[in-house]
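Have the sequence and the 3D view at hand.

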Amino acid sequence: LVFVGRLVSDKGVEVLIAALGQLAQRHRRVGLTVIGDGPELPALQRQAMDLGVGEQVDFCGRRVGSALASLLNEHQVLVVPSIWEEPFGVVALEAMGCGCIPLVSRSGGLPDAIGSGGVVVPLGDVDALARAIEALLGDLPRIEHLRSAAPAHLERHTPDRVARDYLHVITDACRVKPAQSAQSVV
């Protein structure tokens, strides 16, 4: 598993570590790489130690560019356990491009960001996250099926495609039909 983001309470890393704790109680030990930095780092490290999963969690600090891509390429599942309404979640697209399956909370635009290429769990639900991690990591055919959905989904989110889609929406919104313009003047 991998998490990428700023280590602040809104990102829900504490939910992810709690889920690892639940899995460990069921004798299912899963490794997690936490990529990022922030004010919650000491509390998250303490939580991992307190739950007995400290050795499973690698807090590796902030990474960007090719160093980030290399780390993502080493993982199967990106977890985005946000507990606030994430606007979209570009990190999910980046991870999909590196072969990761995104496992995200039902938060803001995250479900849209992953489309049919990932898994969505209820916001802040430790039990559901633990079950989803266990189910996903134990189902290689499902991982391959989800991974196969990534190329088409990513194609819909290239900068050129997004810009073109926005331009169409703006152009359509700016078109005023003659019948509408006469009524709006009155």
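**From one isoleucine to the core**

Start at Ile 133: leaving aside residues up to four places away in sequence, Ile 133 touches Leu 1, Leu 16, Ala 19, Leu 23 and Leu 103. Bear in mind that this is a predicted model.

Now zoom out. Ile 133 belongs to the largest nonpolar core, which has 32 residues. Along with Leu 1, Leu 16, Leu 20, Leu 32, Leu 103 and Leu 129, Ile 133 touches the most other members. H1 gives the largest share, with eight residues. There's also a second, separate core of 17 residues, and Val 4, Ile 35, Leu 68 and Val 80 are among them. As a general point, nonpolar side chains in soluble globular proteins tend to be buried together.

11 of its 13 residues are buried, so H1 is largely enclosed by the rest of the structure. Among the buried ones are Val 13, Ile 17, Gly 21 and Gln 22. What do the buried residues of H1 pack against? Their partners are strands E1 (2-4), E2, E3 (57-61) and E4, together with helices H2 and H6.

The geometry of H1 checks out too: at 1.5 Å a residue, its 13 residues should span 18 Å, and the end C-alpha atoms are 19 Å apart, which agrees. After H1 comes His 27, with a positive phi near 65°.

Conventions
Residues numbered from 1 in each chain as written. Predicted model: local features only at pLDDT ≥ 70, side-chain atom pairs only at ≥ 80, totals over all residues. Heavy atoms only, no water. Core = buried A, V, L, I, M, F, W, Y, C linked by side-chain atoms within 4.5 Å. Buried < 20%, exposed > 50% of the residue type's maximum accessible area, 1.4 Å probe, protein only. Helix = DSSP H or I, 4+ residues; strand = E, 2+ residues; numbered from the N terminus. Contact = heavy atoms within 4.5 Å. Expected span 1.5 Å × (residues − 1).
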